[in-house]
Amino acid sequence: MRAGVIVFPGSNCDRDAYFALRDVLGYAVDFLWHDAACDLGDYGLVVVPGGFSYGDYLRPGAIARFARVMDSLRAYAARGGRVLGVCNGFQILCEAGLLPGALTRNIGLKFRCMPVHIRVENAATPFTRRYRQGEVLRLPIAHGDGRYVCDEATLQQLRANGQIIFRYCSPTGALDAAHNPNGSVDHIAGVANAQFNVLGMMPHPERACELLLGSEDGRRLLEVG
Amino acid sequence: MPKARIYITLKPSLLDAQGRVLENALRQLGFETVQGVRVGKYLEVDLQPDGDPHAQIEAMCQKLLANPVIEQYRYEVSDS
């Protein structure tokens with residue numbers, strides 16, 4: 001299995017993703033430089049990592065969406081290639097129009113850096129088929145702009161199509177405001193596109209792939225094939 | 001030389017968390033007449049004199065400067 005990790009100026013979870021994919025899962029992994037177009041056809045998975053691409057200038061992801069590698073990523077996704085955007089990667093995929101909605105300032109204005117629980121809302125996607133429907137995962141978050149928003153029509157569509165993949169929840173899987181760390185609409189922690197080959201999420205699965213690091217709940221999400 | 005002044009704010013339907021905090025802070029300081037605060041961005045863009053500045057600024061806002069999913073914008077163009 002071959003996986004790619006995009007590197008923007010200001011990415012800071014690229015090495016975490018690289019480590020998880022190479023050292024934990026044993027994949028061949030390439031870093032993909034933001035300023036080069038490339039053929040991604042050989043990759044089973046391309047990760048758009050977390051961080052602060054281009055310093056989050058203007059809005060998180062606003063500049064990154066125009067990087068040359070994004071044209072390659074768009075073509076790869078259009079052919080059905082599997083794309084996972086984590087944190088800033090999620091923001092970038094929304095800005096690029098590869099995922100619906102947008103991520104804006106956390107409702108409490110704080111940068112939230114903590115473990116959270118999320119519930120698997122759709123276990124029938126290529127990313128989540130190794131999880132049980134309704135399974136509760138413990139993953140870290142670290143973001144200031146993680147409040148997922150979209151218009152009402154889009155929200156209805158996401159619900160109807162099963163595109164809401166993860167929701168923030170309590171350790172026992174209950175949905176309540178106390179366990180929604182950023183004020184996301186409908187507790188949304190991750191959404192997929194209509195074809196389910198592009199997934200964006202604020203929590204970091206790549207930082208939760210070994211028990212030594214507190215959780216290995218994220219590991220199955222990165223497994224391909 | 002045409003100068004565009006661009007104002008970008010969150011759509012009214014979206015909660016502006018910063019604006020709400022400032023609204024509360026102003027009330028606590030005794031500004032009891034405050035009914036609402038929206039925080040946004042202000043940009044100045046200088047343009048070459050030729051071409052249609054409005055069309056250019058509109059395109060810039062659509063493509064990069066604002067995110068139409070969550071933001072609204074307005075601008076004025078003046079010679080200065």
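**Close-up views of a predicted two-chain model**

**View 1. A bridge between two strands of chain B.** In this predicted model, Lys3(B) has Ser78(B) as its bridge partner, and Ser78(B) lies in strand 3 of chain B. The pairing of strand 3 of chain B with strand 1 of chain B, which covers residues 2–10, is antiparallel and runs over nine bridges.

**View 2. The three-stranded sheet of chain B.** The strands form an open sheet of three, which has the order 2-1-3 in chain B and antiparallel pairing. Strand 2 (40–46) and strand 3 (71–79) of chain B are the edge strands, each of them pairing on one side only. From one strand to the next, the twist averages 15 degrees.

**View 3. A helix packed on the sheet.** Helix 2 of chain B, made of residues 53–65, packs on the sheet and touches strand 1, strand 2 and strand 3 of chain B. The direction of helix 2 makes about 35 degrees with that of strand 1 of chain B.

**View 4. The contact between chain A and chain B.** Here 10 residues from chain A meet nine residues from chain B. On the side of chain A that touches chain B, five residues are nonpolar, two are polar and three are charged. For the complex, the predictor gives an ipTM of 0.89 together with a pTM of 0.95, while chain B has a mean pLDDT of 95, with 100% of its residues reaching 70 or more.

Key
Residues numbered from 1 in each chain as written. Chains lettered and ligands numbered in written order. Predicted model: local features only at pLDDT ≥ 70, side-chain atom pairs only at ≥ 80, totals over all residues. Contact = placed C-beta atoms within 7 Å. Nonpolar A, V, L, I, M, F, W, Y, C, P; charged D, E, K, R; others polar. pLDDT = per-residue confidence, 0-100. Pairing = 2+ DSSP bridges. Helix = DSSP H or I, 4+ residues; strand = E, 2+ residues; numbered from the N terminus. Axes fitted to C-alpha atoms, helices over the stretch in contact; angles between N-to-C directions.
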